[in-house]
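Hello,

Here is the structure you are taking over. My notes on it follow below.

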Amino acid sequence: MKIHLYQIQSTPDDFDLAARLRLIAADDLEHRNRTRDGEGIRLETMYEDSGLMYCDFIKIRTEHGPAKVGFNTPAEGFELETDEGFGEETAMLYDPGRGYVVLQYNHHGCRDNAIADYLAGYLHGHFCFLSFNPVLDRDVRSKIQSSGLLKKLTLSVAARDLSDDDYAGNPTIGYAIQSLGRNLDAEKVEITISAGRGKEKGLQFSALNLLKWVRTFGRDTRISPVKSAKVTVQAENGNAASIVLDLLEQRMVAEIELQPGDDKRYPRDNRWRALHAVHDHWLSEMT
Amino acid sequence: MKTFYERYYPYLFAVLAGVAYAVFSPAFPKGDEILSSSITVAAIFTGFLATTKSMAISLDTPAMVRLRSTQYFDLLIRYLKEAINVSLLSVVVGVGGFFFDASSPRPLWYGALWSFFMVSTFFTFTRVTNALLKLMALRR
């Protein structure tokens, strides 16, 4: 299970997310639903403990869904009422003191912006805006330094953009407009360099120098020609899986192994416990 | 050549207009209406251009962000300033015309000057607004 860290940002500044969560939790279940893109989303449960708020969001899918099937039994449908569908759960931990949100990443469930919009737009007529901003990992550098072999590098570079060199040769606005029009549709060049198979094989160059080079093009990926730069490194103890480090936008991300229950869902308490553990770990890392 | 043209074409056409006025010497319309109208038009252009200035500074499409990081942006602002200044001068020239006797036609030199300013106001205005509109149209 992947877990991401976010910092909340709200308009107006004094928007109280904790109060909003309590308000929603106090509503009846059927009143908490809101729709987004034809699917339902709601806060399923909320639980407070020691200043932290544990939430579980559910996305209700009523369009086509999976079948129930066994290795020895044929595929069959689920028995669902008209107002029932398939639910995808996403757990969230909110730290009101620091404004951090620790969010489970469920590919099929509601994502960060869907949850933020749900919470902000819950009350009709009360304008406010909430966003979950991913917290970036300032430690990409040390992660690279402490990592093992570099297994793969993927670089995505856009066509050359308008610059002062162009101005030297063509100081007219007409040229600038033409050039911008061409470049905005330009394709990107994606370069992938991988090391050979085998535990001892790695790429022979310094990822730190690459990191420096990438960063000199500016972190604002809209004007930088480097659109994406990722390295795949093998963890120091060759047994663990390889980690992908995003040199431009490394988010704080953690991965925890969870065992699904009998009903093939990750139990809520286990998910909450994982969020709590990761939250404590990151807090200690950042201080 | 392209550079020279883009920089100066409004004034080239304006000079042509002034010279044509001097050569063909049409009678400048009597009365004050034409002056009032031309002042109004120039003032409207000035107001619009002032709004365009704030738009140029605040627009943040990828194209504008890219432009702002180069010297092309300074060029755009220069065109904008020229357009504003020329339309303001047109207003002044128009007001000056009121000081002539309204019952007889204004002197030839005034007509040429007025033509010069009207045409340069028009072309400096279209130069910068066309550029901005094209830039705004580059959406992604």
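Where in chain A is the place of A:R32? The model is a predicted one, and in it A:R32 sits in the loop between helix 1 (17–26) and strand 2 (34–36) of chain A.

A:R32 is buried but has no salt bridge. A:E44 is the nearest side chain of opposite charge, at 5.8 Å, and a salt bridge has to be within 4 Å. A polar atom of the A:R32 side chain does lie 3.3 Å from the backbone oxygen of A:A25. Leaving aside residues up to four places away in sequence, A:R32 touches A:I24, A:A25, A:D27, A:I41, A:R42, A:L43, A:E44, A:T45, A:Y118 and A:Y122.

Next, the strands. In chain A, strand 10 (residues 226–233) pairs with strand 8 (residues 150–158) in the antiparallel sense, over 7 bridges. Strand 10 also pairs with strand 11 (residues 243–246) of chain A, again antiparallel, over 4 bridges. A:V233 takes part in both pairings: A:V233 is the bridge partner of A:L150, and A:V233 stands opposite A:I243 in strand 11.

Last, the interface. Chain A and chain B bury about 2000 Å² between them, with 66% of it on carbon and sulfur atoms. The contact takes 20 residues from chain A and 22 residues from chain B. Across this interface there are 0 salt bridges and 5 residue pairs in polar contact, both residues at pLDDT 80 or more. On the side of chain A that touches chain B, the elements giving two or more residues are helix 4 (164–169) and helix 5 (173–184). Helix 5 of chain A gives the most, with 8 residues.

Regards

Conventions. Residues numbered from 1 in each chain as written. Chains lettered and ligands numbered in written order. Predicted model: local features only at pLDDT ≥ 70, side-chain atom pairs only at ≥ 80, totals over all residues. Heavy atoms only, no water. Buried < 20%, exposed > 50% of the residue type's maximum accessible area, 1.4 Å probe, protein only. Lys, Arg positive; Asp, Glu negative; His and termini not counted. Polar contact = N/O pair within 3.5 Å; in protein donor to acceptor, adjacent residues only side chain to side chain. Contact = heavy atoms within 4.5 Å. Pairing = 2+ DSSP bridges. Buried area = accessible area lost by both parts, 1.4 Å probe.
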